[in-house]
Amino acid sequence: MSDLRSLFPVSQFTSGGGAVGGALGRIQIFNTSITNVNNGGRCCLWTVPAGSTWATIEVWGGGGAGPGACCCQQPNQSGGAGAYARKTITVSPGDTYRICAAGSTCCSPSCCGTEGFPSYAQSESVSGGDALALCARGGPTSCGGCFILTGCEGTTTGWTRNCKCSSFCGHDFGLPAISGSSRGMYCYSNTLQYIPSGPNIGSGIRASHTFCQCPAASGCGSYSSGMPSFPGGGGPGAMTTGGAYCWGYGGAGGLVVVTFR
């Protein structure tokens with residue numbers, strides 16, 4: 001029976017030459033302002049260093065923004081998590097690859113949030129290595145509505161989660177973007193949201209209950225502690241039963257990791 005190590009794609013590149021022995025190299029590309037909304041992401045041009053023969057590129061798309069709310073609105077879903085994709089290629093020293101990690105989305109003042117931004121990596125100038133066109137889509141978003149979740153406590157209203165079609169391209173392996181979900185805890189009142197994290201070891205879901213981020217004079221400039229999850233986690237949607245207009249949170253930015261030897 002095969003073990004996980006024998007099934008890992010890079011094993012096909014560790015059978016000779018410079019691919020055997022030596023320490024793995026690794027770079028991570030992301031915007032370090034991970035607690036800021038609309039941070040713009042990060043791009044770089046990676047040049048394959050001397051002695052390298054293969055690389056594994058992993059990409060996480062950014063999270064979708066949750067919807068805003070006014071009057072008596074509830075979110076149909078929170079912002080969704082971005083997709084994940086991985087590709088292992090042969091490389092040649094001096095080859096260059098354009099790598100871009102998705103930015104975070106902005107807080108939404110409208111009843112609909114925005115879809116997360118994609119992350120990608122593509123070959124720029126390749127002489128001896130493989131061409132590359134790898135991408136991971138951003139997380140889906142949602143819209144709110146008036147009393148959209150009308151079930152009472154104990155019902156199964158809401159909690160619908162969907163995978164996003166065409167979530168990645170150019171991959172060896174991928175996990176799709178996934179939507180968030182919501183349900184009413186009480187009749188016409190509180191909302192409990194399932195806010196997914198991007199595929200990442202050690203991550204999990206976030207729960208948001210009766211969320212409201214009201215706009216301030218400086219705008220919505222940073223996330224509250226622990227929400228959303230980096231990389232690629234979705235943002236919660238707002239819920240109101242009257243009074244001030246509330247904003248939904250933006251989703252977290254994306255990430256690209258390059259491992260090579």
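In the predicted model, C43 is partly exposed, with a relative accessibility of 47%, whereas C100 is buried, its relative accessible area being 5%. These two cysteines are joined by a disulfide with an S to S distance of 2.0 Å, and the link of C43 and C100 is right-handed, with 120 degrees about the S-S bond. Because C43 belongs to strand β2 (residues 42-47) and C100 to strand β6 (residues 96-101), the pair ties together parts that are 57 residues apart in sequence.

The structure holds 2 disulfides, and another cysteine pair that forms such a bond is C135 and C169, whose sulfur atoms lie 2.1 Å apart. Here too, distant parts of the chain are linked, with C135 located in strand β8 (residues 133-136) and C169 in strand β10 (residues 168-169), 34 residues apart. Both partners are partly exposed, C135 having a relative accessible area of 21% and C169 one of 33%.

C106 takes part in no disulfide, and the nearest cysteine sulfur, which belongs to C107, is 5.7 Å away; with a relative accessible area of 35%, C106 is partly exposed. For C111, the closest cysteine sulfur is that of C112, at a distance of 4.2 Å, and because a disulfide requires sulfur atoms within 2.5 Å, this separation is too far for a bond. C111 likewise counts as partly exposed, at 32% relative accessibility.

Key: Residues numbered from 1 in each chain as written. Predicted model: local features only at pLDDT ≥ 70, side-chain atom pairs only at ≥ 80, totals over all residues. Heavy atoms only, no water. Helix = DSSP H or I, 4+ residues; strand = E, 2+ residues; numbered from the N terminus. Buried < 20%, exposed > 50% of the residue type's maximum accessible area, 1.4 Å probe, protein only.
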